[in-house]
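User: Please take me through the structure shown below feature by feature, giving the general idea before the particular case. I would like to begin with charged side chains.

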Amino acid sequence: MQKIIKGLTKFFTKSDVILWLLTIAASVYSILLIKSMQRSSDYSYITPQLLALVVGYIAAIVITLIDYERIARLWPLLAAVSLGLLLLVFVIGRNVSGTDDTAWITLPGGVSFQPSELVKIFFIITFAKHLQMLKDSEMLRSLIGVISLLIHMAIPVVLIHMQGDDGTVLIFIFMFIIMAFIGGVQLRYFLIMILLLAAGIPIFWTYFLNEEQKSRFTAVFDIDGNALKTYGWQQYQGKVSVASGGLSGTGLGNGPRVASGIVPEQENDFIYTVAGEELGFIGCVLLLFILLLICIKIMMDAKSARDYLGRMICIGVFSMISVQTIINIGMVLGLLPVIGITLPFFSSGGSSLMSVLIGIGLVQSVHYHKDTVESPHGKLTKNRYKYLNSMQY
């Protein structure tokens, strides 16, 4: 019993306890919102969400205990698995209710799984390792190095776009931009990319977007016109639900619009509307405050990381959570087009939830091992490592 207590004490002493508490707070808040909206459907959203929570937390704890550098050494395997999963979707992929893309596969037992969510995590690890290798070889500022990073990003982006999941594509692009910029890629390369993207917008609009996707963009600017009856319906009803909550809301489990399910996908992309109607402005601010604190803590862990690799892994997780949050809230409030992006921690969906929790596990691994160094002599404290190095000279 003493060993168990000692082990738990060591785990929580070395972990980022505040980040754990914030993650748990987000998880509990999410379960309350999903349980409330459960009234609008005969399908049990709460059961798979709880299962995903359990599996996700177990994975996060296990990853915390493993030195992130050891995980990063497996980058060739992670890259191969990522490619295999994305290609597998073209063979056995299927569409799920409420979506217009074929990006899911069915696991034994009838469980749906979205490979691109796990690939996000693998991308963070492999891209962080790629940046580190370029930095160590002094190629991070070279054109060849930047092109190799672009290819690294383009492979999953192209495959996921071919599956029709352009919302996830956008997340990958932003993860690439944020990680590369903070990682040290020179500004001039980003300016070139911006110019190329700007020049490519007319081509992308004409040849890559179908009429439904175009309508989602135009609906943002026509929200008081004909779009209310078509592609603007979801955003309009979402804004009404958020506004109807007032300051403190109708009370958890008492929202009539939630019960009627008038907002499409309120359990998933539009879970924020449940908080808005039933918990009001206070509930919305609390939700955003929790996510803001999680992002701040991740950035603090990035700053205290023992090396460049750990810092880049934290930046990758930060970019995934922060960008998804901004885009999701923008969709709900009618500021951005609806492109199918979940709200981290809160939206119903096992793949998305486990992906975020595994990301938290990676950040915790960086924090947990920040005072140790992997060396030929095994895992050492920083001071011991410096002492052994000095003895060699």
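Analyst: The side chains of Glu69 and Arg306 meet in a salt bridge, with N and O 3.0 Å apart; the term stands for a side-chain nitrogen of Lys or Arg within 4 Å of a carboxyl oxygen of Asp or Glu. Glu69 lies in helix α4 (residues 68-72) and Arg306 in the loop between α13 (272-303) and α14, so the pair ties together parts that are 237 residues apart in sequence. Helices here are DSSP runs of H or I with at least four residues, and strands are runs of E with at least two, numbered from the N terminus. This is a predicted model, in which local features need pLDDT of at least 70 and side-chain atom pairs count only at pLDDT 80 or more, while totals for chains, interfaces and linings use all residues. Residues are numbered from 1 along each chain as its sequence is written, and side-chain values use heavy atoms, with hydrogens and water left out.

User: Which residues are linked with Glu69 and Arg306 in a network of salt bridges?

Analyst: The network also takes in Asp67, Arg73 and Asp307. Within it, Glu69 meets Arg73 at 3.9 Å, N to O, and Arg306 bridges to Asp307, where the closest N and O atoms are 3.6 Å apart. Arg306 is buried, at a relative accessible area of 15%, whereas Arg73 is partly exposed at 45%; buried means under 20%, exposed over 50% and partly exposed in between, with a 1.4 Å probe and protein chains only. The structure as a whole holds seven salt bridges.

User: At what angle do helix α6 and α7 pack?

Analyst: Axes are lines fitted to C-alpha atoms, for helices over the stretch in contact, and angles run from 0 to 180 degrees between N-to-C directions. Helix α6 (residues 115-136) and α7 pack at about 175°, their axes 11 Å apart, which makes the two roughly antiparallel, a label for angles over 145 degrees. Their contact (heavy atoms within 4.5 Å) involves residues including Phe123, Phe127 and Leu131 of α6 and Leu149, Met153 and Ile160 of α7.

User: Where does Glu138 lie, and is Glu138 buried or exposed?

Analyst: Glu138 belongs to the loop between α6 and α7 and is exposed, with a relative accessible area of 74%. Although not a glycine, Glu138 has a positive phi of about 60°. Phe345, another residue other than glycine, has a positive phi near 75°; Phe345 is in the loop between α14 (308-332) and α15 (350-368) and is buried, at 2%.

Key. Angles under 35 degrees count as roughly parallel, over 145 as roughly antiparallel, 65 to 115 as roughly perpendicular and the rest as oblique.
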